[in-house]
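Subject: Structure handover and findings

Hello,

Here is the structure I said I would pass on. My notes follow below it.

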Amino acid sequence: MIVSKSYKELSSTVADIVETQIKEHPLSKLGLPTGSTPLGMYDELVSRKLNWKSIITFNLDAYLMNINHSESYQSYMKKNLFDRTNIFPDHSHFPFRPFSVFEDKIEKSMGIDLCILGIGSNGHIAFNEPGSSFKSRTRVVNLSEQTIEDNARFFDSIEDVPKQAITMGLGTIMESKKIVLIANGKHKLNILNIAMSGEVTEDVPASILQNHDNVEVLYCE
Ligand code: PGA
């Protein structure tokens with residue numbers, strides 16, 4: 001685990017990894033997260049004025065809600081990355097139905113080269129909540145009470161938080177060639193330690209990453 005001195009340093013370190021990937025492999029396929037943790041990374045990436053022309057992105061998950069809502073993940077990505085780079089609109093994908101077609105799209109593009117992940121306070125990655133099968137693929141999921149509570153801060157009230165989402169499965173994510181997990185804040189340290197050094201169990205979805213041979217974990221208090 002790489003421990004950064006500050007959120008700025010963590011954001012810049014993960015942006016370095018993405019920048020290297022984009023520059024060395026301009027046809028890269030990236031798996032991208034939302035939430036508060038990656039905001040600094042997106043700001044860094046935008047300020048570096050990289051060439052996104054041939055990059056293809058697959059977001060990890062999306063709430064089941066009106067995609068034009070300001071808190072949809074589609075709006076988040078437009079605001080924080082897509083509208084600020086030269087990425088082609090046709091090159092950015094969110095999980096969609098039929099799920100097999102979405103999965104085929106990833107497969108036909110030769111798979112995700114670099115996948116950036118956050119971790120939920122309950123150990124979820126993307127929206128694979130505790131109990132998700134390690135073999136799971138893209139599907140609709142019910143969000144756990146913990147996730148709904150955690151994400152209420154983005155909405156006017158907890159009742160407004162969507163209760164369902166479409167998420168890439170753990171099996172889907174594990175096929176990424178390289179994975180970087182980012183976590184910001186002391187409140188994430190306990191679950192991070194459990195996930196990275198505890199038992200590999202479906203009760204802690206992020207623990208599956210112990211079975212991947214190319215994972216980096218970046219943390220800052
Ligand atoms: P956060 O969410 O970055 O807003 O803490 C992380 C996650 O739930 O995956």
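Which β-α-β unit do strand 9, helix 7 and strand 10 make? The unit is right-handed, and its helix 7 covers residues 189–197. Please keep in mind that this is a predicted model.

Strand pairing

Strand 10 (residues 215–220) runs parallel to strand 1 (residues 2–4), and three bridges join them. Within that pairing, Val3 stands opposite Tyr219 in strand 10. Strand 10 also pairs with strand 9 (residues 178–184), again in the parallel sense, over six bridges. Here Asn184 is found opposite Cys220 of strand 10.

Cysteines

How many disulfides does a search of the whole structure find? The search returns zero. A disulfide would need two cysteine sulfur atoms within 2.5 Å. For Cys115, the closest cysteine sulfur is that of Cys220, 19 Å away, which is too far for a bond. Seen from Cys220, the closest cysteine sulfur is the one in Cys115, so the 19 Å gap rules out a bond from this side as well.

Are these two residues buried or exposed? Cys115 counts as buried, at 0% relative accessibility. Cys220 is buried too, with a relative accessible area of 1%.

Regards

How values were computed: Residues numbered from 1 in each chain as written. Predicted model: local features only at pLDDT ≥ 70, side-chain atom pairs only at ≥ 80, totals over all residues. Heavy atoms only, no water. Buried < 20%, exposed > 50% of the residue type's maximum accessible area, 1.4 Å probe, protein only. Pairing = 2+ DSSP bridges. Helix = DSSP H or I, 4+ residues; strand = E, 2+ residues; numbered from the N terminus. Right-handed = clockwise from strand over helix to strand, strands pointing away.
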